Amino acid sequence: MLFRIYFLICGCVCVFVCSPALCSGNPNNSQRTRDRHGAGNYGASRVPHGTHQGLDIRCSDGAEVLAPFDVTLHGKLIVYNNPDKAAIDEGINLRGGGLCFKLFYVRADKSTGSVRKGERIGTMLPMQSVYPGITSHVHVQMCDRSDPTPYF
Ligand SMILES: [Zn+2]
């Protein structure tokens, strides 16, 4: 009963506060938890590379990636610049919802202009081909590398 009340309250709050789905097939922006390659929360350990400076939101390979706010597009980005990871080495720079942020592992349909909240930005790249067994995900990273979790 307590859980149900909690769920109802949080569900209502999220209608107004939380962003809509970032990835088709994941309407609640559920996060990557721990898998054989690590965990998806902000600050997770990435030995020997320090800590995880973004938030991983589950997204199946090939799924549609959607705008979490009304956004403007500010150019594509290269995630690794590593030929071994060429299949997923793309992302996009965005501004919207008062935020400056980046999405990794996404092939954007276009690199400039604007996309309305809930509409398509592009496609989730084939992460399983580079990291077999990982929980496929979009990596969200703020431009100032602060914690994106409160906004998603
Ligand atoms: Zn990540």
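Val106 stands opposite Met124 in β8, where strands are DSSP runs of E of at least two residues and helices are DSSP runs of H or I of at least four residues, both numbered from the N terminus. The two strands concerned, β6 and β8, run antiparallel and are joined by 3 bridges; two strands are said to pair if DSSP finds at least two bridges between them. The model is a predicted one, in which local features need pLDDT of at least 70 and side-chain atom pairs count only at pLDDT 80 or more, while totals for chains, interfaces and linings use all residues. Residues are numbered from 1 along each chain as its sequence is written.

The pairing of β6 with β8 belongs to an open sheet of 3 strands, which has the order β2-β8-β6 and antiparallel pairing. Because β2 and β6 stand at the edges with a single partner strand each, one side of each is left without a neighbour in the sheet. On average, neighbouring strands of this sheet are turned by 40 degrees against each other, direction ignored. For such angles, axes are lines fitted to C-alpha atoms, for helices over the stretch in contact, and angles run from 0 to 180 degrees between N-to-C directions.

A further open sheet is formed by 6 strands in the order β1-β9-β5-β4-β3-β7, again with antiparallel pairing. Its edge strands are β1 and β7 (112–115), each of which pairs on one side only. Neighbouring strands in this sheet are turned by 30 degrees against each other on average, direction ignored.

Within this sheet, β9 pairs with β1 in the antiparallel sense over 4 bridges, and Leu55 has Val140 of β9 as its bridge partner. β9 also pairs with β5, in the antiparallel sense and over 4 bridges; here the bridge partner of Phe101 is Met142 in β9. A residue is buried if 20 or more other C-beta atoms, placed from the backbone, lie within 10 Å of its own, exposed if 12 or fewer do, and partly exposed in between. Since 5 of the 6 residues of β9 are buried, this strand is largely enclosed by the rest of the structure.

The next topic is the nonpolar core, defined as a set of buried Ala, Val, Leu, Ile, Met, Phe, Trp, Tyr and Cys residues joined through C-beta atoms within 7 Å. In soluble globular proteins, nonpolar side chains tend to be buried together. The largest such core here has 28 residues, of which Cys23, Val65, Val106 and Val138 touch the most other members. At least two residues of this core come from each of β1 (55–58), β2 (64–66), β3 (71–78), β4 (90–96), β5 (99–104), β6 (106–108), β8 (120–124) and β9 (137–142). β5 gives the most, with 3 residues. Leaving aside residues up to four places away in sequence, Val138 touches Leu22, Cys23, Ile57, Cys59, Val65, Leu103, Phe104, Tyr105, Val106 and Met124.

The chain as a whole has 1 helix and 9 strands, which follow the pattern α-β-β-β-β-β-β-β-β-β along the sequence. Of its 152 residues, 30% count as buried. Two residues are in contact if their C-beta atoms, placed from the backbone, lie within 7 Å. Among the contacts with a separation of 6 or more, 65% are between residues 24 or more positions apart.

Pro150 lies in the segment after β9. Pro150 is exposed, with 10 other C-beta atoms within 10 Å. The C-alpha atoms of Pro150 and Ser19 are separated by 9.6 Å, although these residues are 131 residues apart along the chain.
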